[in-house]
Amino acid sequence: MFKFSKKSLAILKTVDKSLQDLMNEVIKVSKIDIGIIAGYRTAEEQNYIFNSSASKCDGYVKKSKHQKRQAIDFVCYKNNKVVYDIKYYYYVVGLIEQIARQLNIKIQSGIWWSFEDGGHVELN
């Protein structure tokens, strides 16, 4: 069984409680290790990401769900190293969606390879 690192937990604490609850349930049963790499973002942080072409939201005119504390990004690990093998992310996204249904949490999730974002989950 895996558990979140202190860094992942700190990031997770920056988002909505239902998203925290969801991801805490996911890590308990996941067969793949997961790290949370992004949670809440300020407008300045979001704008920096936008200017680096890694988001369609500029943080000011078009706000990201990260700015509303309603989104997280995650990566998968194998042997303590980040992996970008798509099968890992499909598994985790499927698990997140399954547990979200059980908890009656409405989400949208995906794998944003065009942004090298790994996995992304946001509240609807």
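**Stop 1: the E2–E3 hairpin.** Select strands E2 and E3. They form a hairpin, with two residues between them. Click on Asn79 in the turn: its phi is positive, about 55°. This is a predicted model, so read every value here as computed from predicted coordinates. Next, pick Asn80, which lies in the loop between E2 and E3 (81-83). Asn80 has a phi near 65°, again a positive value in a residue other than glycine. Most residues other than glycine have a negative phi. Is Asn80 buried or exposed? Asn80 counts as exposed, at 72% relative accessibility.

Now look along the hairpin. E2 and E3 run antiparallel and are joined by three bridges.

Stop 2: Show E1 (residues 33-38). Five bridges join E1 to E2, and the two run antiparallel. Then show E5 (residues 119-123). E5 pairs with E2 in the antiparallel sense, over four bridges.

Select Asp73. Which residues stand opposite Asp73? Ala38 is one of them. His120 in E5 is another. Colour E2 by accessibility next. The strand is mostly covered: six of its eight residues are buried.

Stop 3: How many aromatic pairs does the structure hold? It holds two. Start with Phe74 and Tyr89. Their rings are stacked, 5.9 Å centre to centre, with 25° between the planes. This pair links distant parts of the chain: Phe74 is in strand E2 (residues 71-78) and Tyr89 is in helix H4 (residues 86-103), 15 residues apart. Both Phe74 and Tyr89 are buried.

Why does the pair of Tyr84 and Tyr89 count as stacked? The ring centres of Tyr84 and Tyr89 are 6.4 Å apart and their planes are at 5°, so the pair is stacked; the cut-off for stacking is planes under 30 degrees apart. Tyr89 is buried, at a relative accessible area of 0%. Tyr84 is partly exposed, at 49%.

Stop 4: Move on to Asn104, in the loop between H4 and strand E4 (107-111). Phi of Asn104 is near 60°, a positive value in a residue other than glycine. Asn104 is exposed, with a relative accessible area of 61%.

**Stop 5: Arg69 over Tyr40.** Select Arg69 and Tyr40. The charged end of Arg69 sits over the ring of Tyr40. The distance to the ring centre is 3.9 Å.

**Stop 6: Ser55 and its contacts.** Find Ser55 in the loop between helix H3 (43-51) and E2. Ser55 is buried, with a relative accessible area of 15%. Show its side chain along with that of Gln46. A polar contact of 2.9 Å joins the two side chains. Now show the backbone of Cys57. Its nitrogen lies 3.0 Å from a polar atom of the Ser55 side chain.

**Stop 7: the cysteines.** Cys57 is buried, with a relative accessible area of 14%. Cys76 counts as buried too, at 0% relative accessibility. A disulfide is a covalent bond between the sulfur atoms of two cysteines. How many disulfides does a search of the whole structure find? It finds zero.

Key. Residues are numbered from 1 along each chain as its sequence is written. This is a predicted model: local features need pLDDT of at least 70, side-chain atom pairs count only at pLDDT 80 or more; totals for chains, interfaces and linings use all residues. Side-chain values use heavy atoms; hydrogens and water are left out. Rings of Phe, Tyr and Trp (its six-membered ring) pair if their centres lie within 6.5 Å; planes under 30 degrees apart count as stacked, over 60 as edge-to-face and the rest as tilted. Buried means under 20% relative accessible area, exposed over 50%, partly exposed in between (1.4 Å probe, protein chains only). A charge sits over a ring if NZ of Lys or CZ of Arg is within 6 Å of the ring centre and within 35 degrees of the ring normal. A disulfide is a pair of cysteine sulfur atoms within 2.5 Å. A polar contact is a pair of N or O atoms within 3.5 Å; within protein, one must be able to donate a hydrogen and the other to accept it, and residues adjacent in sequence count only if both atoms are side-chain atoms. Two strands pair if DSSP finds at least two bridges between them.
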